[in-house]
Amino acid sequence: MYTVKCRKTTGVQTGCSTADLKDQSTQCGSTKGSYLRNEKKENFTNYENLLQNYLWDKDFTLSWLKDEGLIAPSRICTIFGSEMKLVKSGDRSDGYYWECRKQVNGKRHRCERSIREGSWFEKADLTIEEVLKFTYWWCQEMNQWQIKQQLQLGSHTAVDWDMFCREVCEVALFDGREKIGGPGKFVQIDESKIGKRKYHRGHVVEGQWVFGGIEEDSRKYFIATVEDRKEETLLNLIKQWIEPGTTITSDCWKGYVNLSRHGYIHKTVNHSVEFVNEEGFHTTRLRVIGGK
């Protein structure tokens, strides 16, 4: 049961107004919730902040998810086109569901929709809080076994959610790519083989070559899958995604040796000797794209 409330400016979760939410004198006589939690809206940077500022109360968590666009703030009945009401439910782990009740021609109509519909949480057997924790830990690069132990998950569930997270990142990366660079711009490029391990154990047995670039001093990037690392293959992609006149930094792979002949300023870093060359050029920022 969730009994702690903080004073909100809207009553989005229960459909109530501000006046319906009574001040609760909690610790230290504050009327704004325990430890002034509703004033701690900064982005969380660690697990403790996530728990204390966002997962401390189910109603607050759902309101936060709505504000961030992670679940729908409203629903329309697919039959009558009217706005559905958010109804509190004690027998559902989410605590709420969307409902439409109308009487037409003497017949009572009832339609229900999950608050998870169309979201990252849809069809998950985990609670919303467990999904948030799994996602957070995964983004912090905790391995699958560690997350499984923390949440007491079955092996199949942990594997499935690990793959879900990877697939979402893959889609986001390819959807967000754009042409980068130009005169006065600096771009780092690199290629990497993303491998798979049989049963997630042992040596890499197969994989896919990926080639990408990222523009320094911005979040712009491109990424593409490639069949090989031949000069012709990489050069075609560079011309497709990087504007002429760009200063490109790469490793010493032979596929890049003629970049200066195609309208680019080319700088190299010999990774067998150094990660930053004498001029200060490097390709370390690009590795953020690969992440996991």
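The buried residues of helix H5 are Ala158, Trp161, Asp162 and Cys165; buried means under 20% relative accessible area, exposed over 50%, and partly exposed in between, with a 1.4 Å probe and protein chains only. Looking down the axis of H5, these buried residues fall within an arc of 105°, so they line one face of the helix. That arc is taken from the directions from the helix axis to the C-beta atoms. On the other side of H5, His156 and Asp175 are exposed.

Before I go on, this is a predicted model: local features need pLDDT of at least 70, side-chain atom pairs count only at pLDDT 80 or more, and totals for chains, interfaces and linings use all residues. Residues are numbered from 1 along each chain as its sequence is written, and side-chain values use heavy atoms, with hydrogens and water left out.

Back to H5. Helices are DSSP runs of H or I, at least four residues, numbered from the N terminus. H5 covers residues 155–175, and its 21 residues should span 30 Å at 1.5 Å a residue; the end C-alpha atoms are 31 Å apart, which agrees. The expected span is 1.5 Å times one less than the number of residues.

What do the buried residues of H5 pack against? They pack against helix H3 (128–139) and helix H4 (144–151), where contact means heavy atoms within 4.5 Å.

Now the charges. The structure holds nine salt bridges, each a side-chain nitrogen of Lys or Arg within 4 Å of a carboxyl oxygen of Asp or Glu. Arginine 166 is partly exposed at 37% relative accessibility, whereas aspartate 162 is buried at 6%.

Another pair is lysine 58 with glutamate 129, with the closest N and O atoms 3.1 Å apart. This pair links distant parts of the chain, since lysine 58 is in helix H2 (residues 58–67) and glutamate 129 is in H3, 71 residues apart. Both lysine 58 and glutamate 129 are buried.

Cysteine 100 is buried, at 4% relative accessibility. Cysteine 111 also has cysteine 77 as its nearest, at 4.6 Å between sulfurs, and is buried at 13%.

How values were computed. Helices (H or I, at least four residues) and strands (E, at least two) are DSSP runs, numbered from the N terminus. A disulfide is a pair of cysteine sulfur atoms within 2.5 Å.
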